[in-house]
Structures are given as C-alpha cells and as structure tokens.
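Open the model in your viewer and keep the selection tool at hand. The stops below follow the order in which to select.

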Amino acid sequence: MAENRTEGRARDAGSSPKSPEGKGEGVPDAVIPGSHQESGGWRKVAVSGLAAVSLSAGAYAALAFGSQLNPMAIGMLLAFAGGLLSTWSPCGYSSLSLLRPQGRYSLSSVMGWLPTLGAHALGYALGAVLLGGLLGLGALLLPTSGLAGTGLVAVGALAIAYGLHSFGMLPLPYPQRKAQVPHDIRNRGVPMWQISLLYGFSLGLNFLTYVRTPVIYAVVAVALVSGSVTGALLLIGALNLGRFAPMLVNAFPIRDATVQHWLASHEENSVLVDGTLLAATGAAFLLLGLG
C-alpha cells in the first residue's frame, strides 16, 4: 500500500483498525491512483486521459441519446456498481471473510451456512429501508422537480467533482465514520447468523463504517433530488444489493487468502473505476439537466 495518501479514501486519519485476528494493524484506506512515490509522469498522463475519455463518453451519451436515457435507471446502475466497489478492497471484504462456511468445504457446510447468508441479506434490506426511507423523506422536503433541471445538474456536477477526486485531481471532503464492523463480536459466543445480521445492517446503512467509494455520495444526491420515497428506496436497495453480492463468493471453494490477494492486487483499479463511472455519469446528468 502507498504511504502518500490524500483526503478520504487515500489518507489514513487516526489509528488504524486492528486486523480480524486482532494482531497488528488492519488494512488502511484505499489508495489514490498516482499517489505511489514510484509513479511516473506517464501514469499521471494516463489517468488524465482516462478522465477526459470518461467525461467525453458521458457527454456523448447525453447528446446522442438524451431523450432515451432514464436518469433513475442510470442512478440505479451506478448505485449497484458502487455497492460492488464498496467491497473491492481487503478492508471492504474483511467482514465478509468472517462469514464463511464453517469447517471443510462441502455441500453440507454450504447448506449450514445458508442461514448466515440469509441473515446478512436481511440486514442489508433493513439498512436499505431505514436509509432509503430517511433519504426519501428528505427528497419530499426538498423543493426539486425530480431528476430533471437544476437538481440533475447539481447531481451531475457533484458526480464529476468526486470523479476527479478519485482520479487524484481534485481533493474533496470525504465524510465517513472511520470504523469497521465489530470483528471482536465473534469471541462473545454470539451465533453466526446474528453476527451476519448485525454486519449486514451496519454495512447496509452505508455510513456506520468506512466509505470505500465516493459513488455513495452521488447516489445519496440522486435520492435526495428524486422527489420520491420510492425512488430513494430503489436507489439504496440497488446500492445494498451490490454490497451484498460479493458475499456469494463464500459459497464456492475459493480460499479466503486468494480473494484477499486479488483484492489487494487490484485495489487501485477500483479507484480508477470509481472515477470513470462518476465522471461519465456526472457529465451525462449535467447535460441532461441543461437540455
């Protein structure tokens, strides 16, 4: 992991969380592309090029297919992708790695693990209802005309800004609670399904633990200007479905260390995906709102 970090995902503020085993330091926040000391000028040029292509792609989509694009559908796709990106790091996966089938992998161990999986899904659903409901109430109070006009322009500008943040070009505030789910609860004799429910609910609220991707901020903004409780619930539901989906990897005979290694090896790529999605979506929303 890089030593040079910027605000939010890149800078580690305060003490680092402990590892799941309670030994030493846990996994720090994600890195910003180009923040490695060994990164050369070509890397910055490549990231700048990706940012330009992302913005151009979003603008082209809005200009070429404007009337055919549904902002809510785009927002839900962005939310689902953001959910997946929330787990695309060793830190993000750490809670899921504690909820694996017990003992030697077999059909019976997977079947015995299904209540844990179901409880985790229920926790995410409850979190989505609570957070989505609160955002929906906020949407009803805000004087917006739904996903159009000024509201959509504002969301587009916010998404572009956080896209540039992910590309390391525009440092922005990164509100979050710098904490993981309580790993030590495993040592208190609590049944695994209850732990899984607690983890799902905590992660499903999205702001009780580390925020791994700024896509979440854009999704919250879309929910607030949607003008609809239903719209807000659908957006957070899509976000939490994306966050839950990686849990399914535990149903397969894949070693935890293999998953952790892959995530650690490709973590910086997830930040590039953050920037690409946010910049493209933001440019499309901006032009749709102005059109």
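A nonpolar core here is a set of buried Ala, Val, Leu, Ile, Met, Phe, Trp, Tyr and Cys residues joined through side-chain atoms within 4.5 Å, where buried means under 20% relative accessible area, exposed over 50% and partly exposed in between (1.4 Å probe, protein chains only). This is a predicted model, in which local features need pLDDT of at least 70, side-chain atom pairs count only at pLDDT 80 or more, and totals for chains, interfaces and linings use all residues. Residues are numbered from 1 along each chain as its sequence is written, and side-chain values use heavy atoms, with hydrogens and water left out.

Select Leu135 and Ile236: of the 37 residues in the largest nonpolar core, these two touch the most other members. Helices H2 (71–86), H4 (107–141), H5 (149–166), H7 (215–225), H8 (229–244) and H9 each give two or more residues to this core; helices are DSSP runs (H or I, at least four residues) numbered from the N terminus. H7 supplies the largest share, 10 residues.

Now show what surrounds Leu135. Not counting residues up to four places away in sequence, Leu135 touches Val220, Ala223, Leu224, Ala232 and Ile236, contact meaning heavy atoms within 4.5 Å. Another core, of 18 residues, lies apart; among its members are Leu99, Ile185, Tyr199 and Val259.

Last, go to the loop between helix H6 (192–204) and H7, where Asn206 is found. The phi of Asn206 is near 70°, a positive value in a residue other than glycine. Is Asn206 buried or exposed? Asn206 counts as buried because its relative accessibility is 0%.
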